[in-house]
Amino acid sequence: MNNINIGQLVSQITGIIQHVVSIGLLLLILAAVAARYGVRVPMLPATDPTALAWLCGAWFLFRGGRI
């Protein structure tokens, strides 16, 4: 078995959490855009344009704020 130090473990856990948050934000944005075009997602309420802008802003900042 390989030895793993605490720094590697924390880095791995941070990477997994960032990946999960990234997928969650993308799914929320996808559901909001799909609802805008008439596809109804039963588990999510209707999203107004302001909430969609907040989601896109959160995604932009989460990815580092670079274009």
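How much of the accessible surface of the chain belongs to carbon and sulfur atoms? Here are a few notes for someone opening this structure for the first time.

1. To start with that question: 68% of the accessible surface belongs to carbon and sulfur atoms, out of a total of about 5800 Å² for the chain. Keep in mind that this is a predicted model.

2. On overall shape, the C-alpha trace spans about 50 × 30 × 15 Å along its principal axes. The chain has a radius of gyration of 16 Å, whereas a compact globule of 67 residues would have one near 11 Å.

3. As for secondary structure, you'll find 2 helices and 0 strands. Helix H1 takes in residues 6-36, which is 31 residues. From first C-alpha to last, H1 reaches 45 Å, close to the 45 Å expected at 1.5 Å a residue. Just past the end of H1, look at Gly 38, which takes a positive phi of about 100°.

4. Now for what is tucked away. Buried residues make up 9% of the 67 in the chain. In H1, the buried ones are Ser 22, Leu 25, Ile 29, Ala 31 and Ala 32. Helix H2 is part of what covers the buried residues of H1.

5. Over in H2 (residues 49-62), have a look at Ala 58. Is Ala 58 partly exposed or buried? Its relative accessibility is 33%, so Ala 58 counts as partly exposed; buried would mean under 20%. Ala 58 and Ser 22 sit 36 residues apart in sequence, yet their C-alpha atoms are 9.9 Å apart in space. Ser 22, for its part, is one of the buried residues of H1.

Conventions
Residues are numbered from 1 along each chain as its sequence is written. This is a predicted model: local features need pLDDT of at least 70, side-chain atom pairs count only at pLDDT 80 or more; totals for chains, interfaces and linings use all residues. Side-chain values use heavy atoms; hydrogens and water are left out. Helices (H or I, at least four residues) and strands (E, at least two) are DSSP runs, numbered from the N terminus. The radius of gyration is taken over C-alpha atoms; the globule rule is 2.2 Å times the number of residues to the power 0.38. Buried means under 20% relative accessible area, exposed over 50%, partly exposed in between (1.4 Å probe, protein chains only). Accessible areas come from the Shrake-Rupley method with a 1.4 Å probe; for residues, only the protein chains shown count as cover. The expected span of a helix is 1.5 Å times one less than its number of residues. Contact means heavy atoms within 4.5 Å.
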